[in-house]
Amino acid sequence: MLNRRNTGSGNADLFMKVAIAACIGMLLPFTTSFAADGSGKLETIYHVYVDGEHVGKIDQKSVAQDVMDSKIEHKKDKYKNLSLIVGEDVSFVPERVFDPSYDNDKVAELLKDKLTVKAKATGITIAHNTVGFFKDKMAANEVLKKYKGNYVDDDVLKKLAATKENNEKNNRSTPHQAENKDQLSLDTGESVITDVNFSKEVSLSEAVVSPSKVLTVKEGVKALEKGTLNEETHKVQEGDTLSGIAGEYDLSVEKLKELNKELKKEAVLPIGQKLQVMEYKSFVHVIVKEEKKVEKTIEYDTKVIESDELYKGDKKVKQEGHEGTKVIQYSITEKNGSVTHKETKTEETTEKPTKEIIVKGTKVVPSHGTGELHWPAVGGHVSSNMGMRWGSMHKGMDIAGPSSRTILAADNGTVVSAGWNSGGYGNKIVINHNNGMKTVYAHLSSISVSPGETVEKGSEIGIMGSTGDSTGVHLHFEVYKNGSLENPQDYF
């Protein structure tokens, strides 16, 4: 009996064939006695069965075998790399008879018609979904390996396979040894992939299929990448059309209508209507587990201390801040290249950060004058007093020859005006000391205060110059009290 493949009715076929053989055995005494009379010769013929169905009698098994070999040979050129077999179960039951009757040609023709050529293959099944069939187990494993290779380098897969093999050997040699679950030791900046697996159960099984259904490795990887079609529901949004929805799910309008019998033509769809669509979903995800140790920066904190030794708005750095560093080891899980879980395994501070300390001024400059004036220049001498000069009243005193050209506020107060004056003063500043007194500073080359600003006695307000009606670099300084012009020299 030639068993080309296993069938579900194998036990029933065996019972029938045994019964036939038993009947033939019961006839043997009668045929033997007939032979004893010298009237015939006992010969063997073969009953041929295809999947348990009797198709005829032949005098030689080779009659059937030649048909099977011929059908396989005919397909070999097209399917060179496949292991081809006859897809049906062909079996023989011998019978010894006198004057045998058989029809080799008829049986051969019937076999040519009934028999098909199949290929031995290995199928990949993922969670009860068949991805495809491949020429052998090696090809099927290569498909799975290359699909993993979309997310992990081939070298990593080889190392993991070698590690797994070594672990299995060690477990066989020391089956009672506890598994070492200590923290993986890594250098800073180093990462190690510890496992690459699939999100669903993947199994390989032997199969006999049509040769045309056997995929190449490349086709198998594409099938895994594409996924399997699943029924989904699309909720119609404003502006949706049949062609737009069909294009979104890579369907034809005809297919979309076939899935939704109530659709008849391209029209405005009711918003909120639910349509059946088909969408590709991944057969399986590649789960990559990785351990990574990285160095990270620890930001420093900033502390602000208030001080009345500095003016409000001023600040200074008492202590420079410096970032710290820490080393963190993560356990990372990725699904098809996207991080789905990140867990901190260890964290160690390698350098503590230094806190930055800033001193912020709270001292408020008083706007009320003391009544005692500060010399408005840095050194220098009076080059011209207040009084009549060149036929007119000289309202203030001129200060020239200072060691520095910085002009200082004579007392606390509020800047009334600061800018160019067309009356011959040039750049001019007027300060109201809010105690009945007012001071004027003229011929400045530059001004460093603004109207409304509060200034402190002795603070810088500008630079001495020669703007306006001036014969040289000097400061023209005037003093007023309760609206009346005062002689500045009375205050120094």
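Trainee: Is the crossing of α4 and α6 left-handed or right-handed?

Mentor: The crossing of α4 and α6 is right-handed, meaning that the near helix is turned clockwise from the far one by less than a right angle. Keep in mind that this is a predicted model, where local features need pLDDT of at least 70, side-chain atom pairs count only at pLDDT 80 or more, and totals for chains, interfaces and linings use all residues. Residues are numbered from 1 along each chain as its sequence is written, and side-chain values use heavy atoms, with hydrogens and water left out.

Trainee: At what angle do α4 and α6 pack?

Mentor: Helix α4 (residues 137-148) and helix α6 (residues 217-226) pack at about 50 degrees, with their axes 9 Å apart. That angle makes α4 oblique to α6.

Trainee: And which residues make the contact?

Mentor: From α4 there are A139, E142, V143, L144, K146 and Y147, and from α6 there are V217, G220, V221, L224 and E225, where contact means heavy atoms within 4.5 Å. By class, the residues of this contact are seven nonpolar, one polar and three charged.

Trainee: What about α2 and α3, how do they pack?

Mentor: Helix α2 (residues 61-76) and helix α3 (residues 104-114) pack at an angle of about 30 degrees, and their axes are 9 Å apart. The two helices are therefore roughly parallel to each other, a term for angles under 35 degrees. In their contact, V63, A64, V67 and K71 of α2 meet N104, A108, L111 and K112 of α3.

Trainee: Switching topic, how much space lies in the second largest pocket?

Mentor: The second largest pocket holds about 430 Å³; a pocket here is an open set of points on a 1 Å grid where a 1.4 Å probe fits, with protein on both sides within 12 Å along at least five of seven lines.

Trainee: Which residues lie nearest its centre?

Mentor: R389, H394, H443, D469 and H476 do, out of 20 lining residues, lining being defined by an atom within 4 Å of a point. Strand β20 gives the largest share of that lining, three residues.

Technical notes: Grid points are joined across faces, edges and corners, and a volume is the space filled by probe spheres set on the points. Helices (H or I, at least four residues) and strands (E, at least two) are DSSP runs, numbered from the N terminus. Axes are lines fitted to C-alpha atoms, for helices over the stretch in contact, and angles run from 0 to 180 degrees between N-to-C directions. Angles under 35 degrees count as roughly parallel, over 145 as roughly antiparallel, 65 to 115 as roughly perpendicular and the rest as oblique. Ala, Val, Leu, Ile, Met, Phe, Trp, Tyr, Cys and Pro count as nonpolar, Asp, Glu, Lys and Arg as charged, and the others, Gly among them, as polar.
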